[in-house]
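Here is a guided walk through a structure of several chains. Take your time with the view, and then read on.

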Amino acid sequence: MLTHNPYKPQNWEIKKIIDETPDVKTFRLFQRGVRPFIYKPGQFVEISIPGAGEAPISITSTPTRPDYLELSIKKTGKVTGLLHGLSMGDVVNIRGPYGRGFPVDELKGEDLLFVAGGIGLAPLRSVINYVLDRRASYGEVIVLYGARSYDDLVFKDDLALWGSRRDMNLLATVDAGCDEWSDREEGWCGRVGVVTTLFSECKMDSARHLCLICGPHIMIKFALAGLMEAGFKPSRIITTLERMMKCGIGKCGHCNIGPKYVCQDGPVFTMEEISRLYEAL
Amino acid sequence: MKRIKTVCPYCGCGCSYFLSVNDGKIAGVSPNKNHIISRGKLCIKGWQSAEFIDRPDRLTTPLIREGEGFREAGWDEALSLIADELSYCREKFGPDSIGIFSSAKCSNEENYLLQKFARAVIYTNNVDHCARLCHASTVAGLARAFGSGAMTNSIPDIAESDIIFIIGSNPGENHPLVASRIIQAVRERGAGIILADPRGIDLMPFVNVHMAQRPGTDVALINAMMHVILEEGLEDREFINSRTEGIEALEEKLKEYTPERAEPVTGVPADDIRKSARLYAGAGNACIIYAMGITQHSTGTDNVLSLANLAMLCGHIGKPGTGVNPLRGQNNVQGACDMGALPDVFPGYQKVDDPGTRKKFEEAWGRRLPETPGMTVIEMMNGVLTNDIRGMYFMGENPAVSDPDISHVIEALKALEFLAVQDIFLSETARFANVVLPAASYAEKMGTFTNTDRRVQVFYPAVEPPGEAKADWKIICEISSRMGYAMKYNSPAEIMEEIASLTPSYGGMSYDRLGPDGLQWPCTGREHPGTPILHTTKFTHGRGKFHAIDYLPPAEEPDEEYPFSLTTGRILFQFHTGTMTRRTPILEREYPEPYVEINPQDAEKLGVRNGWKVGVETRRGRIELNAAFKPEIKQGTIFIPFHFSEAAANRLTNPALDPVAGIPEYKACAAKVVRL
Amino acid sequence: MKIIPENKLADLINKWRSDARHVIGPKNVHGDIVFETLEKDEQPCLDFLNTALPPKEFLFPMRETILNFVPKEDEWTPFTNLNEGNIVLFGIRACDVTGINLFLDQLFLSDPPDPYYGARRKSAAIVVLACEEPDEYCFCPSCNSGPALATGFDLQLIHIGDEYLVQIGSPAGERLLNGLQLETPSMDQVGLKNYVIDECRKKCRKVELEGVEEIIKDLWEDEIWKEVSNYCIRCGGCNFVCPTCYCFDMNDRVVSSGHSQRMRTWDSCLLRGFTRMAGGVISRDDKFTRLRQRFYHKLLFWKEKWGGPHACTGCGRCSRVCPGFIDFGEVVEKIKSRAGHADT
């Protein structure tokens with residue numbers, strides 16, 4: 001009778017848990033013998049613990065590495081709090097992927113400028129690693145990353161790796177410095193200040209670069225102002241919107257903005273699209 | 001799908017609606033278009049009132065304490081244990097060593113039976129309930145002034161007011177369907193609103209004059225208004241002469257209460273007091289609406305008497321759109337009082353220390369009854385620590401969150417030799433019990449509730465109680481029978497017959513007469529149509545009595561160490577100790593966390609930003625919660641909703657009591673706020 | 001078209017019941033008319049102004065369990081036991097059927113279809129009872145959604161004197177009448193039907209919605225939303241009673257160790273928590289922004305997303321249910337009065 005129930009999640013097993021920051025953990029997940037999980041960078045899933053509820057979480061792994069799925073989860077409420085208490089071998093429920101991801105095909109050949117703040121690096125990490133795995137298809141890659149403190153930097157392994165690569169440029173900064181941070185010798189780290197202070201250093205070029213930006217609301221606000229001042233066209237700035245996506249399939253209404261549903265029409269939008277929405281930012 | 005008519009289990013508005021039932025399960029809520037109060041409308045709590053009924057953590061079997069936890073038990077064992085323990089207490093320490101808390105959430109019939117149980121079976125008048133904590137001062141004050149301690153008018157006729165004086169009440173949040181009538185008066189008649197409130201209310205856009213008085217200065221404020229009325233000759237002499245007595249002493253008293261002298265006490269500009277006085281006195285129809293902001297003070301009875309003075313002075317009573325209208329907080333707090341779940345009165349406010357009355361009840365109940373008034377809720381709790389109270393029985397009350405200074409309450413609960421609790425969930429209080437009994441919720445039983453406008457309405461059972469849970473009235477009957485006093489009723493309707501036979505104001509009530517809109521007491525006989533407005537041609541006790549009242553400051557005033565005045569209250573989306581609302585996802589989502597409202601300018605001085613965690617401390621305790629900026633709140637005042645046990649406002653509140661009504665001062669105490 | 005005498009309606013309903021159909025119809029319960037199951041021998045009350053709740057709840061219940069989770073080999077395995085009923089929605093009004101046909105179907109059946117709504121919808125037969133009397137808030141003619149429908153029903157009944165004229169709108173409707181010997185109406189009876197509908201239409205209030213989507217576009221920053229929201233007491237009722245509102249919340253409950261449920265319940269965009277995000281940020285924290293969202297959604301956003309009419313069927317329920325007396329028609333008039341002199 002019921003051929004497909006889009007609300008019905010699948011069981012995934014936790015294979016690995018990485019402590020990123022005091023309140024962010026990355027869960028590496030594996031699904032036993034079911035259909036392949038096909039997704040795009042920028043899409044999200046609904047993860048749940050039965051009895052506690054669901055939470056929309058963006059995917060941070062890249063489909064170019066199909067052996068597992070990774071979600072980086074910040075502890076903010078009931079579901080995410082319980083997830084932080086889980087261990088390897090535990091099972092979580094997942095449905096998805098949902099939403100419109102980053103236009104990775106259309107980005108081919110473009111020079112890319114990534115601007116991330118805090119946990120906002122999670123969805124961008126998916127695109128960055130996607131691009132790096134298909135390096136030849138894309139132009140220049142610059143990653144600007146800012147966090148509150150050294151402890152709040154996520155994906156430190158990736159950062160080290162990206163920082164060492166010659167085919168990309170990573171610059172990171174923290175709001176408040178510390179010894180661990182300033183003593184490091186790699187060129188990508190050691191800076192203190194908000195992420196927009198990196199704009200002048202990275203030689204960004206609004207005529208050439210396409211910008212992908214993700215982070216907390218306040219950072220996006222300032223970064224956008226900086227990008228606009230530098231002459232970026234709204235159609236060449238891409239970001240993700242955060243809303244409480246409950247159903248993920250355009251029914252429940254929670255993520256409705258204007259005529260759009262963030263869960264289906266987004267979460268990835270260009271600034272040009274957002275400027276036509278009434279209340280997005 | 002079936003629709004079962006019910007009465008809302010939350011506030012005192014008394015809205016009716018239908019519970020939808022599908023295959024024996026609660027399917028939702030459906031408004032009742034024809035109901036006189038709700039008119040097909042509901043507030044968000046009403047719309048969500050089906051959600052907690054089938055929560056899986058409902059109590060489903062009796063529980064008996066075993067070490068730190070409980071074990072499930074059968075009814076027989078649990079009831080026998082309670083009967084044995086209460087009998088033991090009675091024999092060994094005397095009947096007055098037992099204290100009984102009745103419940104403003106239970107039906108009239110259940111409250112009637114429980115006070116009967118206390119008096120006839122235990123032989124004690126130690127029966128009280130949470131009305132002590134909300135409107136005890138109303139019952140005391142209005143009874144003295146008018147002869148009847150209840151809302152004088154009806155909710156529908158608020159829409160006929162020209163001026164609505166709201167003092168210490170936030171109807172938009174706490175009595176939304178009363179707010180609906182106020183908005184109707186504003187829309188249809190251009191009614192004006194005078195507000196006296198240190199905090200500002202939900203209906204602010206319609207307020208014409210806002211007097212933000214300091215908490216606990218109400219008498220000074222009302223006296224000053226009356227001073228202006230007399231000074232400018234705005235009083236209703238004809239009404240005063242023909243309907244009242246005692247004006248001379250009041251006039252004398254009011255001479256010293258000039259608005260200019262009230263200004264530094266209340267913090268309200270003298271001009272605003274004058275303006276308010278003129279508006280109120282000059283209106284065609286003016287009504288007073290008040291709630292806990294008036295009653296929950298160590299001067300609560302004085303506050304109520306002052307409002308009665310004001311209404312009588314201007315003749316604003318006894319007509320539609322006028323009156324002194326206390327808004328009762330619980331769905332059946334009026335009924336629980338009417339039913340005599342109070343230590344000094346039988347049903348219908350008939351005094352226990354009146355020999356004639358006692359004789360009537362002794363004959364009806366076939367037992368000798370105790371003569372002296374019993375202890376109040378607060379006195380019983382104190383009595384535990386002095387060993388005067390040894391055993392307690394709570395029907396649906398949760399003093400471990402709701403009573404003032406709860407550290408003290410918890411100490412008492414731990415010290416009790418025996419505690420039995422009947423409730424629908426394992427409340428904070430039930431966790432201290434020796435025996436917990438699973439009760440049926442409002443959706444699972446039949447009965448009547450009496451709302452704030454004295455309207456007695458029947459609610460019907462929609463679904464079966466979960467597991468082995470039983471209606472409270474059945475539980476009381478069983479314990480009583482086990483203690484040697486048979487209570488045999490086949491239905492709540494039979495209990496109501498007994499109530500009617502002993503309670504003059506309910507004399508004409510019976511289930512077959514309680515139609516879609518119920519009946520308002522007094523309803524003295526089978527033919528009596530009920531009474532929408534009290535005191536129309538004369539007051540219940542003849543002439544209305546003026547009382548000359550002096551202003552007394554709150555028991556605890558801000559000082560250097562504790563510079564803030566703390567007041568507490570409810571918010572729209574939560575209810576009381578949260579037993580029901582915090583189990584309702586959509587309500588809990590609105591305000592899931594405790595917070596303290598603070599004026600932004602005060603916060604700035606403390607270096608605190610909106611949303612930051614702060615500590616709030618009084619001489620009784622300390623809690624930590626988030627700061628919420630509220631520009632409307634008077635500087636120097638902070639407000640904390642008391643719903644959240646994780647940061648319980650009542651760890652802070654002052655148990656200082658009103659000397660007449662025994663109501664604690666929840667609405668004013670000295671506090672400090674510290675940045676963390 | 002057929003004719004069925006008033007006293008034959010009972011036969012029709014009995015026949016459906018004997019066909020093992022679950023019949024839902026209007027009934028008088030304590031003086032109010034509500035939709036209930038018509039049990040054996042029970043007959044509907046057909047003289048009524050529209051109900052407080054629309055019958056959308058029979059397709060999209062106010063609260064339902066959508067998934068049960070039980071552990072199987074140390075995993076939480078969800079299952080659902082959705083039963084397709086076989087129901088007749090009898091005596092429902094044209095405005096409410098419009099809500100189902102044009103709005104709920106659009107939303108819930110679009111890809112990916114909602115299986116719970118879908119199953120109920122498939123099994124439901126719709127028998128419309130055209131209105132004879134509007135109340136003061138009804139404006140269905142302004143929304144082309146009543147007093148009677150042209151299409152979109154299985155059967156439609158119009159009361160003419162002592163009889164009902166029955167219009168058959170689908171093969172399923174045809175089957176509902178199987179086995180009954182019914183006469184074909186005379187020309188006079190058809191004329192009477194048109195008269196009854198016209199008379200009702202004439203009595204309805206007029207709320208002209210055409211073009212309002214163009215005006216409202218410029219009113220995002222207008223004071224009107226703050227003014228109107230002063231009257232809102234945050235009950236959410238306008239959402240719950242709206243035949244075109246579909247928002248829901250999902251939440252979990254633990255039934256016992258080893259058994260959890262995922263429920264869904266009607267939700268309201270007038271509530272602050274509706275846009276609560278992880279970490280406590282609320283994107284529509286001010287009351288007026290939520291009220292604005294509701295009116296924009298009804299008058300502009302729905303149309304922009306799906307095309308078709310405004311998301312309103314003229315049932316008037318939001319006006320009736322509002323404790324603050326916010327009236328949809330009045331707000332539309334306010335919007336129109338701002339045409340050409342918006343603040344922005």
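The paragraphs below go from the chain contacts to the chains themselves.

A word on conventions to begin with: this is a predicted model, in which local features need pLDDT of at least 70 and side-chain atom pairs count only at pLDDT 80 or more, while totals for chains, interfaces and linings use all residues. Residues are numbered from 1 along each chain as its sequence is written, and chains are lettered from A and ligands numbered from 1 in the order in which they are written.

Let us start with who touches whom. Two residues are in contact if their C-beta atoms, placed from the backbone, lie within 7 Å. Two pairs of chains are in contact, and of these chains B and C share the most contacts. Chain A and chain B, by contrast, do not touch, and their nearest C-alpha atoms are 11 Å apart.

Look now at the B–C interface, where 37 residues of chain B are in contact with 41 residues of chain C. On the chain B side, the elements that give two or more residues are strands E1 (2-7), E2 (16-22) and E3 (25-31), together with helices H1 (44-47), H6 (176-189) and H21 (585-590). Helices and strands here are DSSP runs numbered from the N terminus (helices are H or I with at least four residues, strands are E with at least two). H6(B) gives the most to this side, with seven residues. By class, the side of chain B that touches chain C has 18 nonpolar, nine polar and ten charged residues. In this scheme Ala, Val, Leu, Ile, Met, Phe, Trp, Tyr, Cys and Pro count as nonpolar, Asp, Glu, Lys and Arg as charged, and the others, Gly among them, as polar.

Turn next to the other pair. Here 37 residues of chain C are in contact with 32 residues of chain A. Two or more residues each come from strands E4 (63-72), E5 (75-79) and E10 (248-256) and from helices H2 (94-109) and H9 (287-306) of chain C. E10(C) supplies the largest share of that side, seven residues. The side of chain C that touches chain A has 21 nonpolar, six polar and ten charged residues.

Chain C itself has eleven helices and eleven strands. Its C-alpha trace spans about 65 × 65 × 40 Å along the principal axes. Of the 344 residues of chain C, 52% count as buried, meaning that 20 or more other C-beta atoms, placed from the backbone, lie within 10 Å of a residue's own. Residues 24 or more positions apart account for 73% of the contacts in chain C with a separation of 6 or more.

Back in chain B, an automatic or database domain assignment gives domain 1 (2-47), domain 2 (63-133 + 331-384 + 418-520), domain 3 (152-326) and domain 4 (564-675). The C-alpha centres of domain 3 and domain 4 of chain B lie 26 Å apart, and 21 residues of domain 3 are in contact with 22 residues of domain 4. H5 (171-174), H12 (292-295) and H13 (300-313) of chain B are the elements giving two or more residues to the domain 3 side. H12(B) gives the most, with three residues. That side divides into five nonpolar, 13 polar and three charged residues.

Finally, find H3(B): 15 of its 15 residues are buried. After H3(B) comes B:Tyr123, whose phi is positive, near 70°.

Definitions and conventions: A residue is buried if 20 or more other C-beta atoms lie within 10 Å of its own, exposed if 12 or fewer, and partly exposed in between; C-beta atoms are placed from the backbone.
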